Amino acid sequence: MRVTRGLTLQRRLCTLCLWVHALAAHAAPQITAITPAQIPYGHAATVTVTVAEPAAGMQLALLPGSAYQSAAIALPQTTFVASLATRNQLLAASAHELVVVDVRHEPPQVVTRKPLAAGARLFSASADFAVFVDTGMLVHVIDLHTTATLHELAPLQVTGTIRDLTLDQHTLYVLLETGQVLTADVTQPSAALHVLGKLSATTERIVVQAGVCYSTAPGDGLSIAGCGTAGIKPRAKFFTSGQIRDLRVAGQIAYLADGPMGLTLVDVADPAQPRLLGSNNKLGDVEHVALGAGRALVSTPRGDVLLVDITRPGLPLLISSFRTERAPAAIAWDDGDAWLATPQGAQRIDFHAEAAALISDEGVNLGGSRRGFINDNTLYVSDWFSGLHIYDITNPNDLRHLGNFHTPGSSKGVVVRDGIAFVGDDDHGVQIIDVSDPAKPMLLSNIPTPGLAYTMKLAGTLLYIADHRGGLHIADISDVRAPRVLGSYDTPGKAWAVEVRGQYAFVADDASGLLVLDVSDARQPRLIGQFAPGGAAEDVRLRDNYAFVTFFDQGLFVLDISDPAAPRAAGQIAIPGNARGIDLQGNYAYVAAWEAGLQIVDIGDVTQPRIAGYYDSDGSAWGVNVRGDYAYVLDWWGGVKSVDIRTAQAPRLAVRYHARAPVRDVVLAQRYALTAADSAGLQIYDINNPLNPIWATGVDLPAAATSVAYANDTGYVATAAGIAVIDLHDPSSARLLHLVNMKHAVRTVRAAGSRVFVLDDTGKVYALDATHRYLTAVASEATDLWIDSKKLFIARGAHGFAVYALNADRPPHLTEDIDTASPVVGIRAQGDLIVAALLNQTLAVLTHHQSDFVLRALYPLSDACRDFHLIDHTLYISSAHDELQVIDLTNSTQPRLHARYPGTRQITRFAVRDNQVFFAGENKLSSVKLLPNVLFTRSTESTFTALVPANEPLGNYDLALMSANNSTNTRHNALQVTLNTGKKPQLSAEQFQRLLEQQKALHNGTR
């Protein structure tokens, strides 16, 4: 039924909307002073804020500081920007105008304008000159010595289509679409372009610095050539794992905008031998790069502008971000400010502040995959955190998770034969597991060891165990239910890996190098040979008369073992990063190089191994297994990856199991986060440490997963085929129970207690009996639903929302039907508080007492609401601008903004626990730790005070002053929490030791 109370509510909503719009006409108050503006970390402090033109209903909020637009210059269709830092000026070009902007003034001022009759298409600038190409293929040269006049030199006529151009001081280089390179000295009044040489016809970008030419072509990596009077002389090629779209060279480093592989740094100190320095491939699809002192600015086609710290070239780190409405056509960097060329003109983005809290996936750990073993079409992976995982690799482009066994220790290595897996489980010895049915692995027995069981090798009925500090053990496994150790050898170092050939065992024994043991008598192994170059041996593979040994800090050694008692070096090569795991196939050794990803080494000539190509994974590559055209990289932190190695010089990521599809939804269950991950099914993360969510396991489903709910140790996953019911009594070993088929795809599933409700794509709501696989229709024309206590709330679009009573002994029955002034697209409730998301980007806050609904407030939003949750009188909202807002509803008539958190990636739905929020939206979970609640109270008509707690994180903070109508004035970087550098930190010996251990575990941890 439709009750009259609904009509009353509609009138109230309309009246309040008019009131809100009327308030918008009044001038907003301004912040004039903050005292103090800087407070020391670890000390609570009272902050006082003074406001001019105070008004009733004002509120203050302390927000995490972030990048923001600080100025804009209106120019139609801006095509490029360049910072002239030596003069505090900016050069920008629109479709038909070149301008110089003086950035010392606030706001920045255009000081020179030069019309461009034929427009500008390509552009390059040095300290004293700028060049650009017009639509008629004329190259224009602008003298920048006096920017007040922008004197133009004689244009240069070019025959042919120009693809790119660049300046090296006063020398111009022009790249034609044929690959020809033309050059001229722009300081010569009668300069004429002449042919210097030719590059590949597919070359797209060219940069010349100090007589060295750097160029890129699709699929051809970075080409380096000499570029002088003798013409173009090729020196080297450097292949990347991505698609180079832009490059800059500064000093001895080339910075590559490497498309989907992010930002890549290459050491070009020796142009004939470029080498990988580092990369950050968590930045998205990087399109442009600009450089400044210790900083790289990058942008993506989606409009992300990201600031990266490059002071440590081996470990470039994201430190701040900004999202634009449109992707910039070009970017420039000017001492803390980013300049963007956009269709609206030139925008200045202030990047001086580093956000105190940022929504990011940086802390998400996709597992501790360490070593693997391939048997037929199955990959067995030992995961440090969650035991043994089993994957179907029949299709290397679509890895499927078959099952897992959560071992009691930390799984370090695995070998498999005849359906039996032997798992090195650290201090829990070797776990022997029946994996003949991958969906239901069963423990058969175990072999206790005195050390830390790491990796193993099978030879007949014997199992050779590298037991780390426990040395080498040889076990009889002829009866897998009753294995027994036959003999041991206490190696002088730490046994990391073992290979066996005939009567010899070859042990990678850390600082003791490679040991050769005679194991002809398994009960009494004896040392007969050793190769110890001073490094730390970690893994070993055998081929013919050679042992290929990885040394953590010394790269790859090829040892001649034709005389096992006297192994000697035949060849050696340094490996970027740290050499860890290794596998061999054909003429290549595939080395897991920790922070440097997968390194492919050509071993066709074992005396002269050389790096042929690499794939720099986003985790830390610890192990690798090769089969056919694919290498399976066990990428600590980064999951399990399938890498296409058909072209050794340019391997490409085929798929990553743990993050192969977008996360559509997330809910929390015990100490786990459950994610509906589209074609990746259900992915589960351990959030016991909420700052570092760790992937636990996955359940592949017959159709794409779109929504997930949890109740009573059971998961319910909405898919295009129906509802997948998951056994979650032990979430680390989740199992699919059955699928409840539905006629239409399911959009949303909610669960509470024994109640489960689903909303399909046609807008119909059903009650689900998961045990008997039975559905009961409840409502139609629904846009959202929510379960709270004993009520079901259904948003019904233009029809407002409805409330159903939930009783154990009867089906849901309608009790209230409420009209609203605007269509309801979402609904949440807790206790007597209800929040409805309206189509007009407004949230309606209501209270419900007995049968009466009372509108308390309307909260307008600046953009569309993607998801929202109501928890303990706090409202959390994710917006289309990929930020999280936290609203205090303690006083439901006066919603108060508590915080706003910027995101670095797309966010949609989310889940909240305590002070941590977990987000869906990208291909893996992201999260943010919420800031302490800082509440400003009005002490006088024009002043506010707040106590900033001692645990407020380091960083810059903004102050947002909101009027009663929610219009906001923001004072950026108003407050800073800093370390008190005048005093030394007081650490006890125990605290200091703990810090050292944490650092060691972070960087080495591995060891």
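Strands E54 (residues 582–585) and E55 pair in the antiparallel sense over 4 bridges; strands here are DSSP runs of at least two residues, numbered from the N terminus, and two of them pair if DSSP finds at least two bridges between them. This is a predicted model, in which local features need pLDDT of at least 70 and side-chain atom pairs count only at pLDDT 80 or more, while totals for chains, interfaces and linings use all residues. Residues are numbered from 1 along each chain as its sequence is written, and side-chain values use heavy atoms, leaving out hydrogens and water.

Let's stay with E55. Its residue Tyr590 is the bridge partner of Asp583. On the E56 side, Tyr590 has Ile600 as its bridge partner, and 5 bridges join E55 to the antiparallel strand E56 (residues 598–602). Because 4 of the 5 residues of E55 (residues 588–592) are buried, the strand is largely enclosed by the rest of the structure; buried means under 20% relative accessible area with a 1.4 Å probe, counting protein chains only.

Now for the aromatic rings. Rings of Phe, Tyr and Trp (its six-membered ring) pair if their centres lie within 6.5 Å; planes under 30 degrees apart count as stacked, over 60 as edge-to-face and the rest as tilted. By this rule there are 20 aromatic pairs. In one of them, the ring centres of Phe238 and Tyr614 are 5.4 Å apart and the planes meet at 40°, so the pair is tilted. Phe238 lies in strand E22 (residues 231–238) and Tyr614 in strand E57 (residues 610–615), so the pair ties together parts 376 residues apart in sequence. Both Phe238 and Tyr614 are buried.

Notes. Buried means under 20% relative accessible area, exposed over 50%, partly exposed in between (1.4 Å probe, protein chains only).
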